Every structure is written in structure tokens, then in C-alpha cells.
Amino acid sequence: MRYLPKSDAERRSMLASICAPSIETLFESIPEKFRLREPLKLPGPLSEAEIIDFFRARAEENSKGYASFLGAGVYSHLRSVVTDALMQRGEFLTSYTPYQAEISQGTLQAIFEFQTLMCQLTGQEVANASMYDGSTALTEAALMAGRLTGRQHIVIARSVHPEYRQVLATYAKQIGVDVREVGFTATGQLDDPALSEKIFDGAAALIVQSPNFFGVIEPVAALAENAHAHGALLITAVAEAVSLGVLRPPAEADIVALEGQSLGIAPSYGGPYLGVIATREKFVRQMPGRLAGQTTDAAGRRGFVLTLATREQHIRRERATSNICTNEALMALAATIHLCLLGREGLREMATQNLAKARFLCGELKKIPGVRQAFSGPYFNEFTLEFPRSVRMINAVLLREKIVGPLSLGVYYPELTKRAVVCATETTSRASMDRFAETVARILARPV
Amino acid sequence: MSEKTPVANSPVEDSRSAARHISRNEGLIFERSAPGKRAFELPPLDVPTVKPSAAVDASLLRDEIAGFPEVSEIEVIRHFTRLSTWNYAIDLGMYPLGSCTMKYNPRVNEFVARLEGLATEHPLQPAEVSQGCLRILQVLEKCLLEITGMDAVTLQPTAGAQGELTGLLLIRALLESRGNPRRKVLIPDSAHGTNPASVVIAGYEVQNIKSNDRGQLDTDHLREYVTDDVAALMLTNPSTIGVFEERIAEIAEILHSRGAMLYMDGANMNALAGVTRPGDFGVDVMHLNLHKTFSTPHGGGGPGAGPVLVKKILEPFLPVPRLVERADGTLALESHRPQSIGRVRAFAGNFGVLLRALAYTLAYGPGIRQATEDAVLNANYIRKNLESVYDLPYGLASMHEVVFSDARQKKNGVGTMDIAKRLIDYGFHPYTTAFPLIVPGALMIEPTESESREECDLFIAAMRAIAEEAELNPELVKTAPHSTRVGRLDETAAARKPVLRWHPKQPTELPPGIAPAVVPSA
């Protein structure tokens, strides 16, 4: 087997040198009746070429050749080949968590740079070295708010990504946290007047997402003021990180839970992605996840170490701030490289192109009779449209025309079956947008 | 193998060696930055341009990001390439971190994970155009069920710790459906730190139980602990000292007789794959760490994947969505499962990691047993060759890892951390130190199947040489490493006054031709 560096003769001589008559004797501690007598029924073994063939064949069964207008927390953005080339260097790819600082300075310095970039993007003072994804970062942020305030309940906007809310619900149920949902107005923004004394009673935090699931930008500063007036923290989720290239960062939020997939990470059917928690310096000791910090060695040379580990499970066990151990370090590296490549100008330009593409597409679709923009609030690269008939039916026809249509809100909001969230990024071509708009017009022109 | 030559405490001067390079100073990327440089250009916009202030209200727009990097492509390449050379990696040599299973990460897995049609797929796209992705998940599910002997699986959890939490929530849901979720989860004192941390998030209390003097779970002791208040026992098998729990069937029976569940932490599955199956020896729930046993790259700390496998009785509670095969043979993700614990993460799991794990499994097929055998052979070979110089606190048969203690070296003031740091000078990554907690001064060594006899021999020689140094020149060991770019770093200072990010400063040196700004006096 090509991954195993031993010949049979070497195996025999190693066994002989440790006085083991056969390999079976090394497994005698397993009760005999539990030892397998037959080989496992597994496909393979496959050579490298066969493995490539297998996965190429699977790739052909997916959406190659389709145009897509899906966003909803996962975005298609340009990525430089440089990112993949660098993150595939074995020294990054095949190294462990940098506990042994002397031989992990590469990873540690990259994490320190990542933490800095995340602070710069989010307008926060500290950021951790990653969480699993946006949904779990948001959930951990909610738990963190509970520890910080000593309060139990969470108020969350219904316009936060439904799958993020589902994850929060799974965790909240076990620890007796009551999650109260608040609706949205005609702007698509959080229904601020509905934020009553009663809703806030005993709440650790108010959670919003900006741009929210409908694509609408929330007034974070005003919401922070409202939450603070009720003794609650404001947690802001950011699912489309490229928006921070042009939009005001949620600096007034107390905790930011970011999904970094947009920053140089492929959609890859759901992961691996990149969760990040960023917060105020004074909250750092309640923050989950690893942190790299700057220090010096005995000779005074600058170096980096994992620090404030007394928050973590391997030291604190049941009293840790989180059970997280393995995180998404390689994805954090990808985002670091990607942001260094984009740089100050590139990030702003990418974000501005997204504004332009989304506005063009929105304008084209709104020309179609019966199609209107569902919310009046400001948006970045996603917007919600209302169609004269069920989005599911429209999408079914679009799919036959090799178009993956926009996300039907009916999937998550039973009352919104005629609304869809449409996404256009810098990768969405004018030609595909024209074809999409023409096809939708043709579908809607037909009698039902 | 010149890089294995001990370098004592003088830096290597040979210009062809990597040491010279790693001693080169590479600042932070922010310190390289200069206004106007860029490393990435976007294609021109094919729709009318929009000024941000025309698109959204100016109050919603941000100012320039102070200190955001501005560098060229070659500078990015050099910066990260230089940083990479300061890391140790499996690709460079043996990485014997006990409990972490640092094995070879096949390159073809990286290649297939990046294929167009796989890396490009959106998790919310319709099932009609996702059959390839879903098929990959289905084949992996079947393989993992066959390897573990369990009945059903969720691939959603993102890492081992999230798998633990998911498994515990499943147990809770089942017990709740029987009327009482119970209060406590038992954890042996040899367990990973994630176990107790996960128990707390699942809403349970941790009850620690002591291992016996052989490092095994004492069944008489266990019998006392398993009351009607106990929901489950979380057991790592083989345990963190690398020993199979010989009385596993009895353990399962004790739990089951009181209506409690046996949870197996599958972190050490690399000792079992193809040899025995947890589903056959009484395990009710378990998780696998695909970034350990199934070779997906650790990447400096992640990503991972922590699938959870269960017996039939727990299946209704698995997280949504579930992968289902329809009557026509097509696959879909289904969310309507009224008894499900819900979602543990957005979307379909770490697909890119799952895909790599399948590529690994397909490469071996039934031959995965050979990998297990080689891993166990390597651990026993190292044990045999080091047990005369290092203290072996528990003498039971080792499986995939061996745990020594620093008891003998401690007499000369040399601890496990010192030995570990000295190992760096010999060209190896340290083993795991100070864990498991039941071994004071532990040296936890897991070579995996990826090491040749030659690499094992070099490691043994290094460990023996360090034992000798600990006798003759303990100071040399206590001040190691001597060959790295930086020496031991001041962790206390780092934690006392944390510096967790770079801050832009007034530039100290201005580019030529630019006059310094007038700095107002304080």
C-alpha cells in the first residue's frame, strides 16, 4: 500500500525484535470474540488514478454549467490561485495546533496577523483564532453573553440566518436558555418598536445579523444603544464578510460573530468554513477559542504563543468557556492570505463591484411585471424580491434552463413562499444576469 | 539524514541547510505594507459602476481601514513561504503527538477536494444538481458504519468536541423520551479535556471516576457509580494510555442494566479500524475524528470533522438534515424529523473534510487493517526500545500509543517538557506532554503507521541520547531547544499583558523624498 512505508520483511523483523510471534499477538488485549475474522466490506483499494476518476465522476453529477443566484450565507467570490498554493505548503497543511511554539512560529504569526485583520474588518478590539463556522460562532457568542451578564435569555431577530437560529436553539434548549424572536418591518430591518421592556426582561443579549438574511443592512449603532439601555449586550452576526470592505463595521456591537467563508474559502457544499468571534478587550477572558499573543524569548526576540489558555478545555475541563478544541486554523490562514492579496484597495473594489452587480440585477428583475422589491431597507449584494407566484415553481423551471434560482424564503418562513433572496457578486456575469432576467420574464408571462 | 544530527547548542552554519533560512527575520505583513501596492486585480466591471455613497446612505459606509495591508503578489508569496519554514510538519518528519494521530495526509485528497464541481458547490442548491456531493456523503456514511459496526450516522458535527456534544444530546433526547434525562455523566480521570467540557454544555454534571492501578476502568468501582441518575459513561477506548479496556463488554452491561448509555470517544480509532468494531462490543454512541484516523490534514489546528455513529435506538434523534435515498435511487437531504435534536451547525457539515476522509478510505479499502497493524507495531517497537531508559507507569499491552513518565529523569531535574523540547533539536516534533492526567510527567508517544522502521529507529536513538544527556548534562536538556529560530518564549508575560493584535503606529521611517509630518508637541 503506497501510504505505508514498510516492506513485509521489515514488518517481520520488527515483530521479531520485540519478541512478538505474529501481529495478532499485539491485539490480544481485545477480547477474542470481538476480533474481526473477516475483512471489512469496504470499496477499494483504489489507486490514485482511480480515486481521481471517482471524484471527477461525482463532480459531473453536480451543478457544473449552471448559473447560480444563491447566497444566503455562502458566497461565490474570486479567489487567487496564490491562496491555494500557499495553504497547501506541507508546513502549514500538515502541522498540528501550535502548542510547541518554537517550531510553530509560522502558524502562530499567521494567526496573530489573522486576529489583527479580523479586528480591522469588524472594528472590534480582539478576535479569536477561529470557531467552526458562523452558526456556531453566533451560538458561542450567545453563551459568552450569558457568562458576561449573568443573565439567561436571548432576544434574536427573525432576520438572522434561519440555520444559525436553529443551531442556537439546539444548544439553548439544553442549558435552559429562553430564545425570544423579534420580527421585521417593511424595511426588512429589525422591528425596533417591538423591542419592549418585556422582551428584554432578563436578556443577556440582542442578536441581529447585518446584512441580515434578507440582505438588508441593520442600524447596528441604534440597536446597540437600545440593547445597552436594557442592560443587554448587542451581538452582531456577519454572514457576508466582503460587505465589511465598504460598509461601516459593527463597532458598537459588544460581540461580533463572523462567517469568514467569503474571504477566500470555496463554498465546498457547506464547509470547511471559518467562524470568528471578535469582541471588546475587556471581555477577552470570557471569549471561547484559541488566541495567539506576542511575547519574547530569553534573548529578547519577538515570538508568538497561544495564550490565555486557562479559558480552554484542555486546562479548565468542565469549567472551560467552551468545549472547542479543533478549530478551522487552515481556513483562517486562507483568509489571511486572501486579505493580504486583496489589500486595502482590492477589498474595497471587490465590495464596490458587489454593490454594482446587485443593483444592476435588482433593476433588471424589477422591470418584470409583477416583480417587486420586498423590503425598502438598504442592501449590499443580496436583496429580497416578491414574485406574483410561488418561488418554488419558478425555481423548478429555472433549473431546467440550467439556472439555480434564488433562495426561496418559503423554505424557512412559511408565510413568505412568494419571496426569494437574490444574490449577485463580482463573479456573477452580466450575461448570466441577462439570461436569468429574461427567463424569469418568460416564466411569468406564461399563464399559471 | 543529516537533519537528524544533534546540533548541540550552536546554530548550524552550513549555508545549504534550512537553519540559515529559518533564522531570517520576517516581520509582520503589516510592517511590509506601503500605500498603493496591491497583489490582486479584479476583472473590469461589466455593469454600470455604482458609487457606494449612491448605493447606501453615507452613514452606513466605512472609512479606510487604518493599517490594512498593501503589498504585492511576490511579497505575499515570500511572506507566507518564509513563515511556513518556521513550522514543523508531518511532511518533514515524525510527529509523535500522542492522542493526535498525526499521520500522512495524502496529496491526492487535496487534489480531489479542489475539483470544479465539488469545491464550487453551494450547500443550498437543489438536490437535483447535488447528486455527486450527496453520493460522496452516502458512500462515506456506509464506510464509517462498516468500520465501526454501528447502525446510523450523522456527518454534520464539525470536530471531535462537537461530535461529543452531539452524542450527549442524543443520549439526553432518548432518555428524555423515556421520561427522565438523568443528571450525571461519568468520565474516567484519563479522559480528554473536551469530554467534561462537552458534558457541561449538554446540560449534565460531570462525575469523575478514578482509573485503577493498571490504568483501566475498575468495574466494581463503576458498579457503585452507575445509579439511576447516570445518563452515560464517556469512555475513550483504547484509553489515553493506549490500552484496550479489556472488560469493555462488562462495562457496557453494567451501564445498560441501569438504563445508561455507553459513549465511546473514538479519538483512538486508529488502533481498532479493521481489527474490531465498537458496535460489536456494546457501544451505543461514538464519534470519530476524521482529522485523526482518516488522515484529513490538521492544518495547524483544523478543520476537522466529528461524525457521530449510533445504535438503532438513537437514530430518530440524529441532527437534521438526514441523508436519504429515495425510491428512484436519487439522494436528498431531509429535515422533517420530529424527534431530532435539531441542527448542530449550518449546512451539511464540513463536506471538504468528509470528502478527503472518503478518498483516504477508498485508497485502503479492506486493507485499512494493515494501517492499524502498522500503527500498533510502531508503538510497540518504540516501547520495547525505550522501556529500559524511560519509566513505564502502566505495564499493560500497548496498542497505537505508549505512555512513559519522566520519573527517572526527574531525579536530575529534567521533566517531560524539557525532554520534549530537546527532541526538537534532534529533528522531531515533541510527543504529547503532561497528558493524560493519570500519569504525572507523561511522555505520550503515538508514531502512527506513517513511520518507516528507519524513522522509528532515529526517534528511538534521539530519545535514548536525551535520556543520557539528562544524566550527564541535564542543563543542556533543560534549556532546549537550541536550534530553533526563537528559544522558549515567555508565556507568563504573554498572558499577563496580552498583545493579541498589531496596531498601526506613526511610521518611524518615511519613504525617501517625503518630509516628516510636523508632530505636535505633547
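Two residues are in contact if their C-beta atoms, placed from the backbone, lie within 7 Å. By that rule, 21 residues of domain 1 of chain B are in contact with 21 residues of domain 2 of chain B. The model is predicted.

**Domains of chain B**
- Domain 1 of chain B spans 111-366, and domain 2 spans 368-496, according to the domain assignment.
- Their C-alpha centres are 30 Å apart.
- On the side of domain 1 of chain B that touches domain 2 of chain B, 10 residues are nonpolar, nine are polar and two are charged.

**Contact of chains A and B**
- Chain A brings 161 residues to the contact, and chain B brings 176 residues.
- On the side of chain A that touches chain B, α11(A) gives the most, with 21 residues.
- The residues on that side of chain A comprise 80 nonpolar, 48 polar and 33 charged.

**A sheet in chain A**
- Four strands of chain A form an open sheet in the order β11-β12-β15-β14, and their pairing is antiparallel.
- β11 (372-373) and β14 (407-408) of chain A are the edge strands, each pairing on one side only.
- Two bridges link β11(A) to β12(A) (residues 382-386) in the antiparallel sense.
- A:Arg372 has A:Glu386 of β12(A) as its bridge partner.

**The helix across the sheet**
- Helix α11 of chain A covers residues 329-366.
- α11(A) lies across β11, β12 and β15 (419-423) of chain A.
- α11(A) runs at about 10° to β12(A).

Terms used
Residues numbered from 1 in each chain as written. Chains lettered and ligands numbered in written order. Predicted model: local features only at pLDDT ≥ 70, side-chain atom pairs only at ≥ 80, totals over all residues. Pairing = 2+ DSSP bridges. Axes fitted to C-alpha atoms, helices over the stretch in contact; angles between N-to-C directions. Domains from an automatic or database assignment. Nonpolar A, V, L, I, M, F, W, Y, C, P; charged D, E, K, R; others polar.
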